[in-house]
Amino acid sequence: MADPSLQSLCCLTTSNRSQQYQLLELHQSGYYGLSLASAIVGFLGSVYQLNLRYAAPFPRYQYFNVGLRGNNILFWLALADTFAAFGLTVRSTGWFLSQNYWSMHSSNVLHSPMNPLFCSIISGWIQFSYTSSHLWTLVYAIDVRRITFDQPFAAPVYHICAWGGAVALCIVGLTLLYLPGYGSSDTFVMLLPNHVVTYFPLVLTCLACPFLFMSAFRQAEISLTRRYARYTTTERRLVDSLKLKFILIVSVFYLCWMPNVVNGLVLWISWYKLPVTWVLANWYLMALLNPLQGVFNIMLYRIPKRRQPRSQLQGWFASLQIRKIEPQEETPLLL
């Protein structure tokens, strides 16, 4: 799953585990197996969607077909989901392989398959990937609204906000978490900055997407009325179908990530007296749902018509064929 609490477990030894850490240490085969299986399914779904969207034509101009405009954003969203699912697969595999090692060498974690350095790197990769995934989802909602207002496609700005914003947030959170000498005697204070920068894009996307889509719906109704000077059953059905699609998009995003939001609230509200059973059950739910976002996106977002890639040799033969069938007249043929 993608939760900042797991990053805090990377540098633990038997001498610095608090009561809260002992709760969050899930050295259980069932949890590792569920995390690994869900991560593999999510990785395959993201790769499948990535392949379909890569085969679709990419736009070259600011104003172009609306479907291709959305496909451009969804391609990068699928890429971020692929990166995240790959990281989850690697980390889950490392946990699985480290179970027996930890049981026999609990005091020597540096040489385990999941040593602190590798754990920190792969956890940071997962945080970066899912942060950019949340931001690309937000960018998609913003661009849908911009389409209804006939505004151009701002690809450079989108990339800076999604990738650059994810890099900036991860650097701040992970630096304050792992920086030597920064550690506080209070675990609550030490973990708070990384949790804030992790949950900020998630909560922002959850809150902003519904309002952006509602604003797009209102503007779409106005635009259709102005363009056709009417708003009949046909236009109403078109808008209703779009509403249903975007309601499903928001609902699936909430389904995959609302357990993380709830977990963060419960964890910080009840830090000194955690409901053990409830927290563990919610962690299993997050391990199951977080990686499946890439699979659900296949069913939610329309895949544009595939382009047929041609090699340079095929293109050369095609050009020769066109030249052979071209008429040899100086003037065009009359129809």
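Helices here are DSSP runs of type H or I with at least four residues, numbered from the N terminus. The model is predicted.

Figure 1. Read along the sequence, the pattern is α-α-α-α-α-α-α-α-α-α-α. The chain has 335 residues, and 47% of them are buried. Take the contacts with a sequence separation of 6 or more: 79% of these link residues 24 or more positions apart.

**Figure 2. Gln293 sits in helix H10, which covers residues 293–300.** The relative accessibility of Gln293 is 3%, so this residue counts as buried; the cut-off is under 20%. Its side chain makes a polar contact of 2.9 Å with the side chain of Ser133. A polar contact of 2.7 Å joins the side chains of Gln293 and Trp257. Leaving out residues up to four places away in sequence, Gln293 touches Asp81, Ser133, Phe253, Cys256 and Trp257.

**Figure 3. Helix H6 runs over residues 155–178.** At 1.5 Å a residue, its 24 residues should span 34 Å. The C-alpha atoms at its ends are 34 Å apart, so the two values agree. H6 also bends, by about 25° at Gly164. Its buried residues are Tyr158, Ala162, Trp163, Gly165, Ala166, Leu169, Cys170, Gly173, Leu174 and Leu177.

**Figure 4. Helix H5, residues 116–148, packs against H6.** The angle between the two helices is about 145°, and their axes lie 8 Å apart. The crossing of H5 and H6 is right-handed. On the H5 side, the contact is made by Ser120, Gly124, Gln127, Phe128, Thr131, Ser132, Leu135, Trp136, Val139, Asp143 and Arg146. H6 contributes Tyr158, His159, Cys161, Ala162, Trp163, Gly165, Ala166, Val167, Leu169, Cys170, Leu174 and Tyr178. Among these H6 residues, Tyr158, Trp163 and Leu169 are in the contact and are also buried.

**Figure 5. Helix H9 spans residues 276–289.** H9 has 14 residues. From its first C-alpha to its last, H9 reaches 20 Å, close to the 20 Å expected at 1.5 Å a residue. Buried positions in H9 are Val279, Asn282, Trp283, Met286, Ala287 and Leu289.

Note on methods: Residues numbered from 1 in each chain as written. Predicted model: local features only at pLDDT ≥ 70, side-chain atom pairs only at ≥ 80, totals over all residues. Heavy atoms only, no water. Buried < 20%, exposed > 50% of the residue type's maximum accessible area, 1.4 Å probe, protein only. Polar contact = N/O pair within 3.5 Å; in protein donor to acceptor, adjacent residues only side chain to side chain. Contact = heavy atoms within 4.5 Å. Expected span 1.5 Å × (residues − 1). Bend = angle between axes of the 7 residues up to and from the residue. Axes fitted to C-alpha atoms, helices over the stretch in contact; angles between N-to-C directions. Left-handed = near helix turned anticlockwise from the far one by under 90°.
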